[in-house]
Amino acid sequence: MSDDVQWADVGERLRGARLAAGLSQEDLAVRVGLERTMIAKIESGSRRIDALELIRIASALQVPVDYLLRPAPPILSRRASLVAEDTGTDVTRESERLEVALVAWLHDVQQLIGLNVLQPKHLLRTETPVDSSAAARELALWVRGQLEAGTEPIESLMELCERAGQYVLVTELPGDGASVVDGDVAAAVVSIRGDPGRRRATAAHELGHLVIGDEYSNDLGVHASRADREAVLDAFAAEILLPTQVLTEIGQADGITRDQLIELAARYRTSWSLAIRQADHAGVLTGEARREWSRSTPTRAEFMEAVGWVPQSDLESIRVPPGYAHAVVEAWRQGRITATRAVELMHGQITLADLPVGVGADVEP
Amino acid sequence: MTEEPAVVAPVWVLDATCLSHFARAERLDVLRDLLVDKECWTTRVVLEELDKGVAEYPALQGVRAGDWLKVAELDTLDEVQLFASWVGRTGSGERDLGEASVFATAELHGATAITDDREAVRVARTYGLDVHGTIWLLAGACRDGKLSEPAAGNLIDALRSTGMRLPCTGAEFSDYARRYGLL
């Protein structure tokens with residue numbers, strides 16, 4: 001590949017990131033102190049950028065510096081070629097911002113794999129087509145079985161996804177979440193907004209995309225054309241979070257009480273609406289109860305009372321998967337990355353002061 | 001008759017930590033004289049970092065004004081990519097970016113990098129880079145007879161008075177340098 005072709009790739013990446021940031025060439029030019037024609041030339045690959053310009057451009061576009069220099073995963077570059085300048089609606093822009101966050105996270109995971117401190121897991125995927133909610137529920141139980149989760153509550157969804165080969169980051173995002181598979185690495189991002197129940201549902205949803213074989217998915221809300229697909233994934237996520245069997249066993253004789261359902265929602269850490277949906281699906285709920293309970297979401301105290309006030313932290317203060325976090329600290333201990341970089345890779349889960357003292361205390365002059 | 005081999009000056013790449021404190025201590029000329037037999041480089045990224053401090057410390061303008069420093073642009077694709085991979089190791093805070101540019105330049109030239117950020121030194125050495133701090137530089141100058149130990153001590157105190165974080169004081173310099181076999 002000639003040098004020019006590669007600069008053209010950088011230009012294309014820049015253009016995509018610029019559109020995702022909602023900036024015109026003129027806007028970007030002003031922010032980085034270059035002429036608009038220079039931005040046009042950079043995007044067409046006919047002008048190089050130096051390290052300082054790269055820093056300014058990456059900062060203006062809010063992407064890591066290596067983002068513009070690395071090719072997108074093949075599935076995403078195919079999509080990018082379909083995006084035109086004048087179709088920059090809010091939805092496509094948000095979709096691209098989501099993609100930028102996802103790819104930057106994928107690069108973080110790949111960096112640690114490259115440093116040999118993180119071993120990519122075998123990706124848990126099915127060959128069987130999943131085209132109905134019933135099939136999705138069955139698949140969720142298969143996943144639970146493969147990951148030895150039985151029908152127990154999943155303490156850490158991050159950890160479960162990691163064991164399935166999918167690295168999940170909880171971060172600021174325009175949508176709910178997105179996931180991608182690049183070779184033997186699977187990564188997903190989940191929005192920090194909303195309550196923990198919603199984050200867990202999104203993470204389970206992204207796990208579904210991996211398992212049923214989607215190479216790329218973004219969840220910015222349900223598009224009409226994708227409603228069926230989303231219903232399948234919702235069923236998968238619900239069954240991962242709170243298996244129907246658990247409700248059937250409790251409610252088989254006389255149906256389930258509101259207190260019992262509150263306790264299940266608290267122990268399995270699902271949203272109240274998901275618990276009601278699953279109870280409905282299990283057939284342990286009368287139509288009247290469903291209508292009435294849907295209108296009265298239990299209070300936080302009711303949920304906490306049900307689990308004896310034990311704090312539950314998954315996807316609340318946790319931002320990155322446990323194995324990934326360990327790999328970051330290991331890379332830092334081995335002197336492969338600085339403390340500052342380790343903190344960056346932890347995405348807000350720790351600060352500099354949280355790193356163990358004593359590492360690198362005696363550096364020769 | 002045998003031809004004399006051409007003498008190639010060692011190449012050193014200086015980071016903002018070293019340059020800024022020599023400038024602020026008004027000893028940039030001393031640094032230049034100590035390094036007269038070296039080919040000295042810094043980077044455009046480092047100069048930009050220093051420029052941002054000029055309003056508070058006008059003496060920093062002296063770094064750009066000097067013609068003894070070559071400036072690495074890092075503008076080929078390979079160079080920019082090497083820079084980005086160093087950013088992946090140092091981090092992307094302003095100082096980290098300067099260090100990454102210095103390490104990339106040092107790697108490209110097979111040069112010695114000079115920085116006083118111990119964490120950055122530790123990481124750069126893991127990747128096989130020859131990297132040292134100001135104390136090592138001064139001890140070398142003492143060994144070469146360019147600087148007396150008391151003069152080095154005075155210089156260290158002048159640098160420390162500008163807030164530079166160095167592993168020893170002027171008074172401790174001789175002991176410290178001997179402990180590490182530098183003198």
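Student: What makes S1 and S2 of chain B a pair?

Tutor: In this predicted model, three bridges join strand S1 (residues 11-14) of chain B to strand S2 (residues 39-43) of chain B, and the two run parallel. Pairing needs at least two bridges, so three bridges make S1(B) and S2(B) a pair. Within that stretch, Trp12(B) stands opposite Cys40(B) in S2(B).

Student: Which strands of the open sheet in chain B are called edge strands?

Tutor: The sheet has five strands in the order S3-S2-S1-S4-S5 (chain B), with parallel pairing. Strand S3 (69-72) and strand S5 (130-132) of chain B each pair on one side only, and they are the edge strands. From one strand to the next, the twist averages 30°.

Student: What lies across S1, S2 and S3 of chain B?

Tutor: That's helix H3 (residues 44-51) of chain B, running at about 65° to S2(B). Helix H8 (residues 134-143) of chain B lies across S1, S4 and S5 of chain B, at about 115° to S4(B).

Student: Okay, on to the interface. Why is Arg56(A) with Glu48(B) called a salt bridge?

Tutor: Their closest N and O atoms are 2.9 Å apart. The cut-off is 4 Å between a side-chain nitrogen of Lys or Arg and a carboxyl oxygen of Asp or Glu, so Arg56(A) and Glu48(B) qualify. Across the interface of chain A and chain B, the rule finds two salt bridges.

Student: How much area do chain A and chain B bury between them?

Tutor: About 3,000 Å², with 58% of it on carbon and sulfur atoms. In contact there are 36 residues of chain A and 36 residues of chain B.

Terms used. Residues numbered from 1 in each chain as written. Chains lettered and ligands numbered in written order. Predicted model: local features only at pLDDT ≥ 70, side-chain atom pairs only at ≥ 80, totals over all residues. Heavy atoms only, no water. Contact = heavy atoms within 4.5 Å. Buried area = accessible area lost by both parts, 1.4 Å probe. Helix = DSSP H or I, 4+ residues; strand = E, 2+ residues; numbered from the N terminus. Axes fitted to C-alpha atoms, helices over the stretch in contact; angles between N-to-C directions.
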